[in-house]
Amino acid sequence: MKITALLALMALSSGAALAQSNPKDFLGYYEGVQLGSNSATVSGPSLDTTTKSIYPAIVLGYNIMHNNMLVGIEGFADYHKKSSTGIVAGVTFKAGKIINHTLVYARAGIKGDMPSYRPQVGLGLEHRLTRDMTINGILTHDVINKDGVKRTNNNAAIGLNFYIH
């Protein structure tokens, strides 16, 4: 709930005007750190459990502008000690629009660990703090059904990205 409130605050702080910030500030390579909250559910014929945990993550990405849209690729690694699926890593593609000093984006990709790889989708905000640093918030969801067991993860994370200009 606190992370959802932070995402709303970031959206409001970007202002109501649709003026564009300098898109070059969001372009190029970046690396970042995140702190997230995971709600993991495992259900099957003889089990039904939900666990909640806090986890650290690292990200590495690259963004470009294409037809007035920001598009990028991001790799990530999350350490979910209490998650239904454990330590995960993945790659996602994102596309979004810069409004004032905030990037609003959607992302889709693949994440993997044991028991297998699965699709992940998400929505995020990234707000410019300085030319080289942003604060971000993201909500993601993934689910896999394997061998009669359904594993679902819902995540909310906040973090800082550091751009290499």
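A salt bridge here is a side-chain nitrogen of Lys or Arg within 4 Å of a carboxyl oxygen of Asp or Glu. Arg-118 and Asp-142 make one, with their closest N and O atoms 2.7 Å apart. That pair ties together distant parts of the chain: Arg-118 sits in strand β6 (residues 117-128) and Asp-142 in strand β7 (residues 133-146), 24 residues apart. Strands, by the way, are DSSP runs of E with at least two residues, numbered from the N terminus.

Before going on, keep in mind that this is a predicted model, where local features need pLDDT of at least 70, side-chain atom pairs count only at pLDDT 80 or more, and totals for chains, interfaces and linings use all residues. Residues are numbered from 1 along each chain as its sequence is written, and side-chain values use heavy atoms, with hydrogens and water left out.

Back to Arg-118. Both Arg-118 and Asp-142 are buried, meaning under 20% relative accessible area, while exposed is over 50% and partly exposed lies in between (1.4 Å probe, protein chains only). The two also belong to a salt-bridge network that takes in Lys-111.

How many salt bridges does a search of the whole structure find? The count is five. Another of them joins the side chains of Glu-74 and Arg-107, at 2.9 Å from N to O. This one also links distant parts of the chain, with Glu-74 in strand β3 (residues 69-78) and Arg-107 in strand β5 (residues 102-112), 33 residues apart. Glu-74 and Arg-107 are both buried.

Now look at Asp-132 and Arg-131, which form a salt bridge with closest N and O atoms 3.5 Å apart. Are these two buried or partly exposed? Asp-132 counts as partly exposed because its relative accessibility is 35%. Arg-131 is partly exposed too, since its relative accessible area is 48%.

That leaves the strand pairing, where two strands count as paired if DSSP finds at least two bridges between them. Follow β7 onwards and you reach β8 (residues 149-164); β7 and β8 run antiparallel and are joined by 14 bridges. Within that pairing, Val-143 has Thr-152 in β8 as its bridge partner. The hairpin of β7 and β8 has two residues between the strands, and Asp-147 there takes a positive phi near 55°.

On to the other partner of β8: strand β1 (residues 28-44) pairs with β8 in the antiparallel sense over 15 bridges. To find your place in the model, look for Ser-39, which stands opposite Asn-154 in β8.

Key:
Helix = DSSP H or I, 4+ residues; strand = E, 2+ residues; numbered from the N terminus.
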